[in-house]
Amino acid sequence: MGELPNLIVIILDTLRKDYDIPVRNVLEKFGFVSYERAIAPAPWTVPSHASMLTGLYPALHGAHETKKRKIPSVKLDKKDNLLTFKLKEFGYDTVLLTSNFFVHPHFGFVGFDNVYYVPPLPEIKLLSDSERQILRKIVQNQSNFRRIFLELVRKNHYRLLLKGGTQYLMQTFYKHFFALFKHWPTEKGISQIISYLDRYLSKNKSENMFIFINSIEMHEPYLVNDNLKILSDNLKTNSLDMSLVTAWRQRYVTESEYLGKKLFELLSVLRKHNVLDNSLVIVTSDHGQLLGEHGRIGHGNFLYDELLRVPLFIKYPQWMSPTSDKTSVGGSWISLTSLKSLITHGALGKIPSKKVLFSDTVFAESYGIAGRVAINSKREKLSVKKLEKYRIAVYHRAFKAIFNVNDWKFECIKQYDPTTEIDDVILRRMKKEITKFLRVVTSTKISSIR
């Protein structure tokens, strides 16, 4: 290896903090430092990854949902601040290994010299791009198969109906085949990523490397026959099938245990190629997952702790003094936006100060529902309307607040230290932090919050 340390980021997509024990047990054996109060800047993949790679909150990098812009149109357009370009200037070979469809150059995550994408479930493609676009628009606006069928007939898309139906049947068979022989959906691509990493390191021993890995094992689906329509139904109706929630919770634990084993394999590959000890290795998650808490399931939109509090583990190279965890109750927080600065320090051979990671105050943002939702009643329209708001979560010392910017009010304030109280002093402080944040991200004067 060269003089510069290798830089490795491993994103355990959708892993929430309170389910990280199997991962923690593995990482402790490899000498990682654990940080207890790390906060994701957004509750879903694209804005959170954009924040990690630019060092900016969603309001500043712009890769977030709006009322009009939804998945798959949410992309990172402002690429000047990307960490990949900075590291290439420093002489790094940049590598992306991902099983997440969104963590890809197509969504703005560019600057990688090598990209290896393995889909969590290989897709059968009988439809052309134009046919897929037509079908996607119809599916987004219809709530069930009967409505989709009738809409295709009404618009005389008979060929599309035949091809789409055939693809659906083949894909259903494919899912069961992979469940039987490839352990899907427990396995969603991490094994192939590990194999590729082994081959890559065998051929690139002299390079200074920045390797960014996204593992999607913790992400839904969790069951072979999962109908992910339940996610949008929950947003529209607030309803939950508790038997399904129970099954998801059980499978989520199974996934975390499986991920722990695979993480051990991955780190063993790094050690096998003498990469681990001379590397700054960061293991974290981009967001968590709701498993029935607060009457919700899935991720995106909400700013609950189950979505924002994520695991964070760091293994420092031998020359770099570990920044110990100072995030005890009532202390500091870590925003994932700070990872870019930490990595840059590593690339320059600098030992970071505590201010690089820790802050008294960090934020997270949601601009509404990430994907399009088909609305079929006034009641559903009202439920969705309530969710399509710009909200900010602020974590300050031992307190958290969620502020609804559109309605200009706090929706909740909570404390993490039972020995403290939410008094007028704390309330004024939280108002001040929100106002200061909004002034920075809007570059305009914001009136004080009353």
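I took buried to mean under 20% relative accessible area, exposed over 50%, and partly exposed in between (1.4 Å probe, protein chains only). On that basis, buried residues make up 55% of the 450 residues in the chain.

I note that this is a predicted model, in which local features need pLDDT of at least 70, side-chain atom pairs count only at pLDDT 80 or more, and totals for chains, interfaces and linings use all residues. Residues are numbered from 1 along each chain as its sequence is written, and side-chain values use heavy atoms, with hydrogens and water left out.

Entry: salt bridges. I counted a salt bridge where a side-chain nitrogen of Lys or Arg lies within 4 Å of a carboxyl oxygen of Asp or Glu. The count comes to 22 salt bridges.

I looked up Arg16 and found a salt bridge to Glu293, with the closest N and O atoms 3.1 Å apart. Arg16 sits in the loop between strand 1 (6-12) and helix 1 (21-29) and Glu293 in the loop between strand 7 (290-291) and strand 8 (297-298), so the pair ties together parts 277 residues apart in sequence. For helices (H or I, at least four residues) and strands (E, at least two) I used DSSP runs, numbered from the N terminus. Both Arg16 and Glu293 are buried.

Entry: Glu36. I found that Glu36 forms a salt bridge with Lys17 (3.1 Å, N to O). Arg24 also forms a salt bridge with Glu36, the closest N and O atoms being 3.2 Å apart. Arg24 lies in helix 1 and Glu36 in strand 2, so this pair ties together parts 12 residues apart in sequence. Arg24 is buried, with a relative accessible area of 16%. Salt bridges that share partners join Lys17, Asp20, Arg24 and Glu36 into one network.
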